[in-house]
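Visitor: I should like to learn how to read a protein model feature by feature. Could you take me through one, giving the general idea and then the case at hand?

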Amino acid sequence: MNDAHLPEDPEGQAGYLLNAVADALAERGWGVFPHALPPALSHSLWQRATTLEHYQPAGVGRQTRHRRNRFVRNDETAWIEGVTDEEVVWLDWAERLREHLNRSLFLGLTEFETHFARYAPGAFYARHRDAFKGSENRVVSLVLYLNPAWQPADGGQLVLYDDRSRELGRFEPELGTIAVFLSEQHPHEVLATERPRHSIAGWFRRREANPMLAGAQS
Ligand code: OGA
Ligand code: MN
């Protein structure tokens with residue numbers, strides 16, 4: 001049996017968090033929220049992240065542009081398809097957030113892609129953006145951290161920047177914390193970690209425009 005579950009009351013704690021995330025995105029484009037997920041869900045995702053075995057070296061770019069570049073990032077990732085109970089609950093949670101963002105901010109998000117990421121000691125992810133202006137693919141980035149009792153000396157902080165590369169803050173990847181930001185607007189990096197570091201990254205996307213249709217319409 002799996003004890004991961006979502007709180008039933010949408011007006012309760014979960015509803016409060018959804019509103020806080022939408023407000024943060026609307027007002028400044030980003031937000032970091034400690035204790036964001038129900039503890040039982042964070043805990044079961046942490047167990048899954050630390051025991052699953054099909055991690056692959058991470059790439060840079062998507063699909064045909066996918067390359068390994070160990071100077072940019074040297075974490076390992078495993079896509080989440082919803083094959084275990086806690087993965088399904090995570091996908092349901094993200095779906096609730098997607099619907100809420102569409103309702104409250106009219107973002108028109110149609111898809112969500114998500115993977116576990118594992119950083120071995122020494123691993124990092126250099127400053128990058130998750131989407132490029134005008135490409136209209138990844139719109140909102142979401143990261144959930146899965147590391148109980150993280151200490152500042154453990155490294156591995158997320159550093160968020162504004163659109164002009166000014167630092168906005170550094171955040172510990174503590175179990176249950178989520179970071180949310182507009183993918184095009186906020187460069188960010190993961191500092192080298194001293195301890196194994198686990199997280200889930202996800203991206204809400206708009207369905208890619210069909211270039212044939214776009215051409216026909218203009
Ligand atoms: C990413 C990423 C940030 C983090 O996977 O694109 O930037 O803190 N992750 O894990
Ligand atoms: Mn990123």
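**Reading the fold**

Guide: Let us begin with the contacts in the chain that have a separation of 6 or more: residues 24 or more positions apart account for 79% of them. Please keep in mind that this is a predicted model.

Visitor: How many helices and strands does the chain have, and what share of its residues counts as buried?

Guide: The chain has 4 helices and 11 strands. Of its 218 residues, 50% count as buried.

Visitor: What is the strand order of the 4-stranded sheet?

Guide: That open sheet has the order β5-β10-β7-β8, again with antiparallel pairing. The edge strands β5 and β8 (167-171) each have a single partner strand, so one side of each lacks a neighbour in the sheet. With direction ignored, neighbouring strands of this sheet are turned by 10 degrees against each other on average. As one case, strand β7 (residues 158-161) and β8 are antiparallel and joined by 4 bridges, with V159 opposite R170 in β8.

Visitor: How are helices to be read, and which residues of α2 are buried?

Guide: The general idea is that an α-helix has 3.6 residues a turn, so residues three or four places apart point the same way. In α2 the buried residues are L41, S42, S44, L45, R48 and A49. They are covered by elements that include α3, β4, β6 and β11.

Visitor: What span should the 13 residues of helix α2 have?

Guide: At 1.5 Å a residue, helix α2 (residues 39-51) should span 18 Å, and its end C-alpha atoms are 18 Å apart, so the two values agree.

Visitor: Which residues touch the most other members of the largest nonpolar core?

Guide: That core has 36 residues, and F116, V140 and I178 touch the most other members. Two or more residues come from each of α1 (13-27), α2, α3, β6, β9 and β11. Apart from this core lies another, of 9 residues, among them V32, Y145, L158 and F181. Leaving aside residues up to four places away in sequence, V140 touches residues that include L25, L101, L107, V180, F181, W203 and F204.

Visitor: How does one read a metal site, and which residues are the protein donors of the manganese ion (ligand 2)?

Guide: In general, ideal angles at a metal are 109.5 degrees for four tetrahedral donors, and 90 or 180 degrees for six octahedral ones. The protein donors of the manganese ion (ligand 2) are H128 (NE2), D130 (OD) and H188 (NE2), at 2.1 to 2.2 Å from the ion. Their spacing in sequence is H-x1-D-x57-H. D130, in the loop between β5 (125-128) and β6, and H188, in strand β10 (residues 188-190), are 58 residues apart, and the pair links distant parts of the chain. Both D130 and H188 are buried.

Methods. Residues are numbered from 1 along each chain as its sequence is written. Chains are lettered from A and ligands numbered from 1 in the order in which they are written. This is a predicted model: local features need pLDDT of at least 70, side-chain atom pairs count only at pLDDT 80 or more; totals for chains, interfaces and linings use all residues. Side-chain values use heavy atoms; hydrogens and water are left out. The expected span of a helix is 1.5 Å times one less than its number of residues. Buried means under 20% relative accessible area, exposed over 50%, partly exposed in between (1.4 Å probe, protein chains only). Contact means heavy atoms within 4.5 Å. A nonpolar core is a set of buried Ala, Val, Leu, Ile, Met, Phe, Trp, Tyr and Cys residues joined through side-chain atoms within 4.5 Å. Donors are N, O and S atoms within 2.8 Å of the metal (3.2 Å for Na, K and Ca); water is not among the atoms, so sites may look incomplete. Two strands pair if DSSP finds at least two bridges between them. Axes are lines fitted to C-alpha atoms, for helices over the stretch in contact, and angles run from 0 to 180 degrees between N-to-C directions.
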